[in-house]
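Colleague: I'd like to learn how to read the salt bridges and helix packing in a model like this one. Could you walk me through it?

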Amino acid sequence: MEEIHDKWEVFSPATGEKIAEIEPTPLSSIPLIYTKSRHSFQTWSKLSISERLHYLRQLRLLMVEKMDEIAEVISKDTGKLKIEALVADIMPTIDAIKHIEKHAIKSLSGKKVATPLMLIGKKSYIEYMPRGTVLVISPWNYPFQLAMVPILNALAAGNTVIAKPSEVTPLVGVCIENLFVEAGFPKDTIQFAHGGKELGAALTEQKPDYIFFTGSVKTGKIIGEVAAKHSIPTTLELGGKDPMIVLRDANLERAVNGALWGAFTNSGQVCMSVERVYVERPVYQEFLALLKEKTEAMRQGTNLKDDIGSMTFPGQVDIVASHLEDALDKGAILEAGKLPKEWKTGGTHFIPPMILSNVDHSMRIMKEETFGPVLPVMPFDSEEEAVALANESEYGLNSSVWTIDKEKARRIASQLVTGAVTINDVLITVANHHLPFGGAKQSGVGRYHGEQGLKIFCHEKAIMVDNGHKNTEIQWYPYEGKYPTFLSLFRNYFSGKPNWIEFGKDYMKLIKISKAKRKD
C-alpha cells in the first residue's frame, strides 16, 4: 500500500474555516501497534475488574470537568450544535461509564449455574475471559459516543483496544486520544490510528481478536467478510430506515414534536432517525399541516439559540439530494424546505429541513437510508397495513408507535421486525444502558450496551468441577453390562411421571458395575 506522509487539513462543515491539521498514522506502523497492544494485554487483563474501573472513573471525572471543551471540539468537527454534542454525544458516554462502574464486577465475575441431576456430585460455573486485542472502528455522525462506548466496555472487560476514529471527524478522535492519556491509562492499553479507508482495511487484516464496527451497511459487509475469513468474531452496528406509526388516537402535538426531533436532530444523521412516517388517514392532513408549520419555524445555524446545525460529510449531502430528486420526479410533493438547486451550501454543508408528502415505496427515499433532514409522510388505513409498510424494508434498527391505547401499541410493537421499539417517543432506547442495542435484517449483527455490552468482549468459559475423590464415572469404561441399566435409568428419569425409586436403583447399579474389575 502507498504510504501517506502529508498532514491532512480539517475544515469546519458549518463555517468552512480550516480548524486543524492532522498527522495520519503510517500504514507501516500497524504491525507494531498490534505488537504493543498484545504485550500490554498481558498486564491489563491481569488487573482486577475494580482496578480497571479505577481508570474509567478517572476518565469520567475528567470528562465532566472538560464537558464544554469537548462539546466545542465535537461541534466544530461535525457541524452539529453544541447542545446536541452535549446531550447526545457526551452525556450518554458519561452515563455509560457510570453504568459500567456500577455493574461490571457483577456482570464479569464468574457465576454459578445449575448442574443436571444426571451429573450429581459436580458443580458448574461460567467464567468471563477477555478476548485480547479489540479493534473499534467508529463513525462520524456521533464520533464521541459511538467510539467511546465500545472502547470503554472492551477495556472494562480486560481487553486492550486499537481505535480507528472516522477520518471525517478527526479532531474528535484526537480529543478522545488525549482524554485517555490525561486520565492516566497505562501505555498501549488503548491506542489510536488516524486515517482513511486504507488504514481501516490494514487494521482489519492484522487479525485482531474482536472487531466492533459502527457505520454503513456496505463497509460493514466488507469487514464481515474479512472477519469471517479469519474466524474473527464481530459486532456490526449498521444503518436504519426507521418507521414511525401514528394512529388516529395519538396525541398529535406530541407526535409531531417527536417526529421533528426524531427526523432532524443532528441534521438527520442518526442511524435511528425517523426516516419515514405512516399516519392513520383520518388524522393525516392535520398531522401534516402541523408538521409543516413547525418545520418552517425551526432555526438553522451555529448559535445556541438555533435548532439544527449543518451536515457533517459533503458526500452525504449528495445522497440526500439524489433521494429528494428521485422522489420529486416520481410525484412526491415538497411541503416544506427547498429544492436541491436552491441549497446554498458553498463551503459549508447546511441544507434545510424538508417534509415530503404523496410518497410511496417505489421511491428511494422510502427504501434507502437517507441520513439527512428529510421526512416523508404517508397515510395508511388499517393497523395491518401500517405494520406491513413498516416491515417492508431491508433495515430493522428502530421504530416507534404512537397511540394512547397501550394494548394496541404493544400489539403493533410485537409485530415490528426491528431491534427496538419506542411507544410515544423516539430514539431514547439507546440512552438506557440496561437495554440491548442493535438491529435486525441489514441493520447489523450483534447487540451491545448493558450487561451484553461487557460480555461480547469476553470468551464465555464453561467450567465444571468434581471433587476428584471417586475413581471412575458411570459413563466411563468399561461399557460391559451397562446398556440395559442406562436404558432403564433414562426411561425412569425422562418419562412423563419419573420413577425416582427405580432411577436411584439403576444409578447405584451403574456405580457398582463401574467399580467392578473387568473379568478376562
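**Reading the contacts**

Modeller: Let's start with a pair: E275 and K241 are both buried, where buried means under 20% relative accessible area, exposed over 50%, and partly exposed in between, with a 1.4 Å probe and protein chains only. This is a predicted model, in which local features need pLDDT of at least 70 and side-chain atom pairs count only at pLDDT 80 or more, while totals for chains, interfaces and linings use all residues. Residues are numbered from 1 along each chain as its sequence is written, and side-chain values use heavy atoms, with hydrogens and water left out.

Colleague: How many salt bridges does a search of the whole structure find?

Modeller: The search finds 24. Among them, K122 and D466 meet through their side chains at 2.8 Å, N to O. K122 is in strand β4 (residues 122-130) and D466 in strand β20 (residues 458-466), so this pair joins parts that are 344 residues apart in sequence. K122 is buried, at 17% relative accessible area, whereas D466 is partly exposed at 27%. K122 and D466 also belong to a salt-bridge network with K470 and E473.

Colleague: Which residue forms a salt bridge with E335?

Modeller: K292 does, with the closest N and O atoms 3.9 Å apart. E335 sits in strand β12 (residues 333-336) and K292 in helix α10 (residues 281-296), so parts 43 residues apart in sequence are tied together.

Colleague: And helix packing: at what angle do the axes of α2 and α5 cross?

Modeller: Axes are lines fitted to C-alpha atoms, for helices over the stretch in contact, and angles run from 0 to 180 degrees between N-to-C directions. Helix α2 (residues 49-65) and helix α5 (residues 145-156) have axes that come within 9 Å and cross at roughly 155°. That makes α2 roughly antiparallel to α5; angles under 35 degrees count as roughly parallel, over 145 as roughly antiparallel, 65 to 115 as roughly perpendicular and the rest as oblique. In contact (heavy atoms within 4.5 Å) are R52, L53, L56, L59 and M63 of α2 with M148, L152, L155 and A156 of α5.

Terms used
Helix = DSSP H or I, 4+ residues; strand = E, 2+ residues; numbered from the N terminus. Salt bridge = Lys/Arg side-chain N within 4 Å of Asp/Glu carboxyl O.
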